Amino acid sequence: MATGTTPTTPAARGVLAPGRAAISAPHLRTDRWWLSPLVTATALTIFIIYATWRAFANGDYYSAPYVSPLYSPCLASNCTDMNGGADWHLFGAWWGLSPALLVLVFPLGFRLTCYYYRKAYYRGFWASPPACAVAEPHAKYTGETRLPLILQNVHRYFFYLALPVAGILTYDVVLAFRDEHGAWGHAGLGTLVMLVNIALIWAYTLSCHSCRHIIGGKLRHFSAHPVRYRLWGWVGALNGRHMLLAWSSLISVGVADLYVYLVASGVFDDPRFF
Amino acid sequence: MTHTAHFKVWRGDTDGGDLRDYEVEVNDGEVVLDIIHRLQATQAADLAVRWNCKAGKCGSCSAEVNGRPRLMCMTRMSVFAPDETVTVTPLRAFPVIRDLVTDVSFNYDKARQVPAFVPPKGVPAGEYRMQQVDVERSQEFRKCIECFLCQDTCHVVRDHEENKAAFAGPRFLMRIAELDMHPLDAAADQGLVRAASAQEDHGLGYCNITKCCSEVCPEHIKITDNALIPLKERAIDRKYDPLVWLGSKIRRRQG
């Protein structure tokens, strides 16, 4: 018994194009192919909404000795005093908006041009394609051959910029081993949250495909560069978990910021380990 | 154990076709290709299907099973529930010839467009010496059995016929990456910068690294992570990175 398929029309495109097997359905997948892009788009949307609110809030981002990763380094004069922290007033008093906006452009650019996130949002938001062998809805496709998407090729420069940002966040974590009066030898739940966060941020940053290329991937003769070959192998091992690290570090940034927000806004006191 | 499965198989040619229903016996341990052969033997003697090794190494029996590009010989029937309808169609990115057989000559045209390995000067054939660490990246790509499932699933050409002229597809971009990483390839001495050529002549920029090629590869080659993204990074070195360009002018790049 035949089921609903007809020859394609000349105006048809993609899998419906003339010459291809005449199947009217744009795809025949029977599994839940839509689940992954839906979850991806939902999770990214939630983070974008949360991070946008927090970035513009300009408050409750510091509770000694903890600083939110969204507000470090703090580069404007309207920053809260951070007791030896990374509040460097490079931008002076003329900057009246939230100081987070000055620095978030770097991690945002790093993640926006990241090879994993590109896959995630091309599939989740742009449906290009929504899933493998599922027809995309767009009539034309030029990929990353022209503006604006050709700018994705700047990813390595955002990687370079992500390194000092991660370094400053590491400095913040070191300072989190001081108590609220600046005395060393303190650790609270906030210290642990920041420690996990910075470990994940470093792992995500170093697992970057551009990092893998710069460290050793660009070489043709690994045998002539044994140290870089070894480093390339380590970065490659991390790189295999790039998706996992992208999500876990994104979540940890949100959790660290939320933790600081809750402590700074007086919702609860930071439990102290020692 | 034996059960009767419900199959839908696309039957037709360039003039049109349809999905036809078959009830067919399935035994333990069988794969989709076994069922297609049983259909040929019992119900559809004129069913056209391309196959050869039945071991996942010749790359002939590529098709789409329940909408997913797969080798029929490597798709076990046990992955389907006994009451599940199994739909088998030809590859939908290429022109159909008849039933499950498609014209994959697009891939051979693209293969011919990739300049071959350039032997190093002064080293006679048979005297090539390379260290294992230098060739192991390329060796991963040599596992390719040319089933063209990656070419079939890549939305750049699957959903946009007009891109076929400009885009080589993941299999042949991987071939360029293989040669660009080859420790003895001397193409650069002849003025051929393979990574830049991948961008300019073979459509590397069309790839938006959505990884479907890696998902369908029956050899589990990490096409995107190990070939396409490294090739993109190498193209960036040559075309978009002013620091690397400056470095190449100051001292001759080696590696």
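In the predicted model, B:Val65 stands opposite B:Arg68, a residue of strand S4 of chain B. Strand S3 of chain B, which spans residues 62-65, runs antiparallel to strand S4 (residues 68-71) of chain B, and 4 bridges join the two. S3(B) and S4(B) form a hairpin with 2 residues between them, and in the turn B:Asn66 adopts a positive phi of about 50°. S3(B) also pairs with strand S5 (residues 85-89) of chain B, again in the antiparallel sense, over 2 bridges; in this pairing B:Val65 stands opposite B:Val88.

In a regular strand the side chains alternate between the two faces of the sheet. For S3(B), B:Ser62 and B:Glu64 lie on one side and B:Ala63 and B:Val65 on the other, and with all four residues buried, both faces of the strand are covered.

Chain B is divided into domain 1 (2-101) and domain 2 (105-254), and their contact takes 15 residues from domain 1 of chain B and 15 residues from domain 2 of chain B. The C-alpha centres of these two domains of chain B lie 32 Å apart. Between them the domains bury about 1100 Å², of which 55% is on carbon and sulfur atoms. On the side of domain 1 of chain B, the residues that lose the most area to domain 2 of chain B are B:Pro69, B:Ala93 and B:Phe94, which together account for 46% of what that side buries. The interface between the domains of chain B holds 2 salt bridges, and 6 residue pairs are in polar contact across it. S3 and S4 of chain B each supply at least two residues of the side of domain 1 of chain B that touches domain 2 of chain B. A salt bridge is also found between the side chains of B:Glu64 and B:Arg158, at 2.8 Å from N to O.

The size of an interface is often given as the accessible area lost when the parts come together. For chain B and chain A this area is about 5500 Å², 49% of it on carbon and sulfur atoms, and the contact takes 70 residues from chain B and 60 residues from chain A. Across this interface 7 salt bridges are found, and 42 residue pairs of chain B and chain A are in polar contact. Helix H9 (residues 223-239) of chain B gives the most to the side of chain B that touches chain A, contributing 9 residues. The side chains of A:Arg20 and B:Glu161 meet in a salt bridge with an N to O distance of 2.5 Å.

Terms used
Residues numbered from 1 in each chain as written. Chains lettered and ligands numbered in written order. Predicted model: local features only at pLDDT ≥ 70, side-chain atom pairs only at ≥ 80, totals over all residues. Heavy atoms only, no water. Buried < 20%, exposed > 50% of the residue type's maximum accessible area, 1.4 Å probe, protein only. Pairing = 2+ DSSP bridges. Domains from an automatic or database assignment. Contact = heavy atoms within 4.5 Å. Buried area = accessible area lost by both parts, 1.4 Å probe. Salt bridge = Lys/Arg side-chain N within 4 Å of Asp/Glu carboxyl O. Polar contact = N/O pair within 3.5 Å; in protein donor to acceptor, adjacent residues only side chain to side chain.
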